[in-house]
Each structure stands twice: as C-alpha cells, then as structure tokens.
Amino acid sequence: MKKTQSKSQSKAQKQQGEAYVFITGASSGIGAATALELSKKKESLILTARRLERLNKLQKQCIQLGAKNVLIYKLDVQNKNDVARLAQDLEKKKIQINVLVNCAGVAKGVELFQNSKGADSDEMIDTNVKALLNITRELLPNLIRNRGHILNLGSVAGHLVYEGGTVYCATKFAVRAISDGLRMDLKGTGVRVTNIEPGMVNTEFSLVRLGNQQKADAVYSDMMPLTAMDIANCILWCLSQPPHVNISELMIYPTDQASVGQVVRGEKSIKNLR
Ligand code: NAP
C-alpha cells in the first residue's frame, strides 16, 4: 500500500473527528460511481484500489462535485500487511470511519469448472471473500466506535448458481453469509450491515471476467443493463435511512433480467418497448 498525499489530503488529516466513507474498488464501476454520488452529498471519502492514476483523476472529480475531503490510497486488498498498515495509519491520525463500502471484487472466466484455472479460482476467493473479511476486521474498531455502516457488494449470484459460475457464485454466497453473520455478531454495537445484490451492471466487470472487450460488449448487447450509478443510488438510499433502520439486503435486477440467465433482448427490451 503506497500512500500519495495531496495538499488537501494533509489538511484533511488534521481535521480530527471528521467521519469518512471508506470505499474499496473505487477505481472503476460501482465503487467509483458511489464516490461521485457521495461527493454531491459533501461527504469525506477514502478511496482505495490498485490503479492509482484512476484514483488521482477520481479525487479531482469528487472535489469538484463537492466532497469535503478525499484521501486516496493505492491498495491491493489481498495484501494483508498493507491493509493492516493502512488501518493503523488511519488510527494514528485519528481519522474516523463511519461507512465501509466493500466494492473490490472480481469474476474470472466462465469455463466449466473442469476446464477452469486454479489461479482464477484463487483470485476470486482471495479478493471477494478473504480480502473482504480482512479489511472489515481491520476497520471494525473504527466502525464500531462510530456506529458505522458496512455495505458489501454481494450479487444475485449469491442466491442462484449458474453454469460456469461455480466459484464466483460460491464467493457471493459467502458474501451473503458473511453479511448475515456480521449483522448478528455486531448487534448491540449500532453498526449496520447491508448486502447489496445487483444483477447485470455494465461496468468493467465483464471485461475483466472475459478478458476481451468484444465479448464483454456482447453480454449487454440489445438489452438495457443497470448502470454503476443505479447501484450507487441504491447504496446512498441505504445510507440515508435513520440509525434504527438497517436495510439488510437489497437485490436489484435490470428490468430486462428477470432472474439469472433470464434476459430479454431486442424488441422485448425495455429500451424498445412502446
Ligand atoms: P469493476 O468495474 O471491474 O470494478 C471492480 C473494482 O474492484 C475495481 O475498482 C478494481 O480496482 C477493484 N479490485 C479488484 N481486485 C482488487 C484488488 N486485489 N485490490 C484492490 N481492488 C481490487 O466491477 P464492478 O461491477 O464495479 O464490481 C464491483 C463489485 O460489484 C464486485 O464485488 C462485483 O462482484 C459486484 N457485482 C458486480 C456486478 C456486475 O454485473 N457488474 C453484479 C453483481 C455484483 P483495481 O483494478 O484498480 O484494483
């Protein structure tokens, strides 16, 4: 984890008591859209991902939109030492965190399990499950102190399994179990836990999964998927509830996707219905 510090960052770090929204996977898709939407609400943000150049750009956009303070950190969530160091650094600087959005996640491949790569399975389990648990554990003292809110990016794949999705679906089933378990373990602390479960969202998700832009575009062809901003708005809605209301899970499908594998395209798509 390398830290980059701008002028606004060092100033922000002096403002003790300011509560921040911590977002993993902020360099793209749902994480980036959530950062932008929260900026309009004048929130303070901690944005993390591996692609620092993306975070630099996003930091400027967030400030322009009205974010109070924006700290950015190059962070591979799989690196336990770096995650621990960042959590300690934030504690040392007395930076308060009242929201954790666990967006960092990955799907790799759509091959049948017997043809799939062990390295792809490892990456999905290490990122979607082990890293999510680890970062949550490291930030929990801070979140408990601030009666915070944890939002995990699960998926409809956490409810229904599909062919070629054995491991990815297993990770999202795990995210659902983790969200439910955390809610139980954290009762009485004031910390809320929400599992956000989208269907098809047009982000870099399919490009990363399929490794090819043409194949990724085909996933969303002739239908109307959700946008990252749609999911960001759902996250903001969960956050806008009063402290006694915990949206435990929120499943969001595009109108064109009735269930996993149930997609309408062409003239039946919502974009073509008259
Ligand atoms: P995306 O555009 O590909 O974004 C994924 C984010 O995760 C990127 O910012 C990436 O940042 C970060 N990431 C991946 N591995 C990382 C690592 N080892 N360390 C740190 N950051 C890492 O996809 P998205 O659609 O926004 O996905 C966000 C979440 O929503 C994921 O958990 C995904 O499973 C879930 N979801 C997506 C869909 C969908 O259809 N798109 C549906 C249901 C659920 P860097 O590469 O810069 O590190």
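Is M124 buried or exposed? Before I answer, please keep in mind that this is a predicted model, in which local features need pLDDT of at least 70 and side-chain atom pairs count only at pLDDT 80 or more, while totals for chains, interfaces and linings use all residues. Residues are numbered from 1 along each chain as its sequence is written.

M124 is buried, with 22 other C-beta atoms within 10 Å; a residue is called buried if 20 or more other C-beta atoms lie within 10 Å of its own, exposed if 12 or fewer, and partly exposed in between, with C-beta atoms placed from the backbone. M124 belongs to helix α5, where helices are DSSP runs of H or I with at least four residues, strands are runs of E with at least two, and both are numbered from the N terminus. Leaving aside residues up to four places away in sequence, M124 touches V106, A107, K108, V167, Y168 and T171, contact being defined as C-beta atoms, placed from the backbone, within 7 Å. The C-alpha atoms of M124 and G105 are separated by 7.4 Å, although these residues are 19 apart along the chain.

α2 and helix α3 (residues 52–65) pack at an angle of about 25 degrees, with their axes 7 Å apart; axes are lines fitted to C-alpha atoms, for helices over the stretch in contact, and angles run from 0 to 180 degrees between N-to-C directions. The two helices α2 and α3 are therefore roughly parallel to each other, given that angles under 35 degrees count as roughly parallel, over 145 as roughly antiparallel, 65 to 115 as roughly perpendicular and the rest as oblique. On the α2 side, A32, A35, L36, S39 and K40 meet L58, Q61, C62 and L65 in α3, and by class this contact has six nonpolar, two polar and one charged residues.

In the second pair, the axes of helix α4 (residues 80–92) and helix α5 (residues 118–145) come within 10 Å and cross at roughly 10 degrees, which makes α4 roughly parallel to α5. The contact is made by K80, V83, A84, A87, L90 and E91 of α4 together with N134, I135, E138, L139 and N142 of α5, and it comprises six nonpolar, two polar and three charged residues.

Finally, some loop residues. Most residues other than glycine have a negative phi. K42, in the loop between α2 (29–40) and β3 (44–49), has a positive phi of about 65 degrees although it is not a glycine, and K42 counts as exposed, with 10 C-beta neighbours inside 10 Å. K94, in the loop between α4 and β5 (96–102), likewise has a positive phi, of about 55 degrees, and K94 is partly exposed, with 13 other C-beta atoms within 10 Å.

Conventions: Two residues are in contact if their C-beta atoms, placed from the backbone, lie within 7 Å. Ala, Val, Leu, Ile, Met, Phe, Trp, Tyr, Cys and Pro count as nonpolar, Asp, Glu, Lys and Arg as charged, and the others, Gly among them, as polar.
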